[in-house]
Amino acid sequence: MDIADLDGIRLHYRIDGDPGGAPVVFSNSLGTDLRLWDKVIARLPKTGLKYIRYDTRGHGLSDSSPAPYSMGTLVRDAERLMDHLGVTNAVFVGLSIGGMTAQGLAAKRLNLVRALVLSNTAARIATREIWAQRIADVEVGGVEALADATMSRWFTSAFRTTEEFQFWRNMMVRTPTEGYIGCCHAIAGTDFYTTTAALRLPTLGIAGSDDGSTPPDLVRETTDLVPGSQFHLIRKAGHLPCVENPDEYARVLTEFIASQAH
């Protein structure tokens, strides 16, 4: 188990792949942890690339600090982890809130990020009012209060009939309440339209056709803010296409990374 002590917050991280390879950093979504990427990393090239993933603050085995969190705090966590590991010039892959972290990090420290993968994310997700209601619901009933509605947005009806589905529901409801609420505040307070429109680096957007949290048009709108960006739609997948269709996700990601001569 690898833990980075980063000036008041301890983040759990894991490194796979080629220890001497070019870095690819992964940032997870709200209500998941670094296991979100298990299936994809198992399908990525075994040589030439080093895969670094971590549990976002308040998730998995990372520390939960008191809510609320700002997006700047989550960006700083990623920045400090990469500095701690001596990582620069990485392809940064972020899903949902992880994609917001990716946008903020690229704007702040371009030396750390040579290319972006914005998966099932946006420059702004939902409204302050929606997040305020979700926060209020969690304060009363815990993360369990949001689970069923969230699962219907995250996964296709076909996937929700599988045995694996329960694993992801369990992962969400076991997210620390403080961490979940903290990250909800971070999303609610973020609008990166102007910030992301100023970025000039290779960018790939990935969306799921059945995503009820960040619909394809929203992901495409954000991706299109970056000149020269690419966009890929994974059909018959929801908010976590890396879970529902890891073969296609890994193929698209591998092709993008290779195109950067990374």
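Reader: Where does K236 lie?
Author: In this predicted model, K236 sits in the loop between β8 (230–234) and α10.

Reader: And what is phi of K236 near?
Author: Phi of K236 is near 60 degrees, which is a positive value in a residue other than glycine.

Reader: Why point that out?
Author: Because most residues other than glycine have a negative phi.

Reader: Is K236 buried or exposed?
Author: K236 counts as exposed, since its relative accessibility is 72% and the cut-off for exposed is over 50%.

Reader: How accessible is N89?
Author: N89 has 37% relative accessibility, so it counts as partly exposed.

Reader: Switching to peptide bonds. Which one is cis?
Author: The bond from A67 to P68 is cis, with omega near 0 degrees. Most peptide bonds are trans.

Reader: Where is P68?
Author: P68 belongs to the loop between β4 and α2. P66 lies in the loop between β4 (49–54) and α2 (71–85) as well.

Reader: Is P66 buried or exposed?
Author: P66 is exposed, and its relative accessible area is 63%.

Reader: How far apart are P66 and G179?
Author: In sequence P66 and G179 are 113 residues apart, but in space their C-alpha atoms are 7.7 Å apart.

Reader: What about G141 and T177?
Author: G141 and T177 are separated by 36 residues in sequence and by 9.8 Å from C-alpha to C-alpha. G141 is part of helix α4 (residues 128–141), and with a relative accessible area of 41% G141 is partly exposed.

Reader: Let's move to helix α6. Which of its residues are buried?
Author: Helix α6 covers residues 164–173, and its buried residues are F165, W168, R169, M171 and M172.

Reader: Why are they on the same side of α6?
Author: Because they cover an arc of only 160 degrees around the axis, and that puts them on the same side of α6.

Reader: What covers them?
Author: The cover for the buried residues of α6 includes α5 (144–154), α7 (177–188) and α10 (241–244).

Reader: Zooming out, how many helices and strands are there?
Author: The protein has 11 helices and 8 strands. Its radius of gyration is 17 Å, close to the 18 Å given by the globule rule for 262 residues, so the protein is as compact as a globular protein of that length.

Reader: What does the C-alpha trace span along its principal axes?
Author: The C-alpha trace spans about 50 × 40 × 35 Å.

Reader: What share of the residues is buried?
Author: Of the 262 residues, 57% count as buried.

Reader: And the surface?
Author: The accessible surface of the protein is about 10,400 Å², and carbon and sulfur atoms account for 49% of it.

Reader: Last one. How many positive and negative charges are there, and how far apart are their mean positions?
Author: There are 26 positive and 30 negative charges, and their mean positions are 3 Å apart.

Terms used: Residues are numbered from 1 along each chain as its sequence is written. This is a predicted model: local features need pLDDT of at least 70, side-chain atom pairs count only at pLDDT 80 or more; totals for chains, interfaces and linings use all residues. Side-chain values use heavy atoms; hydrogens and water are left out. Buried means under 20% relative accessible area, exposed over 50%, partly exposed in between (1.4 Å probe, protein chains only). Helices (H or I, at least four residues) and strands (E, at least two) are DSSP runs, numbered from the N terminus. The arc is that of the directions from the helix axis to the C-beta atoms. Contact means heavy atoms within 4.5 Å. The radius of gyration is taken over C-alpha atoms; the globule rule is 2.2 Å times the number of residues to the power 0.38. Accessible areas come from the Shrake-Rupley method with a 1.4 Å probe; for residues, only the protein chains shown count as cover. Lys and Arg count as positive and Asp and Glu as negative; His and the chain ends are not counted. The place of a charge is taken as NZ of Lys, CZ of Arg, CG of Asp or CD of Glu.
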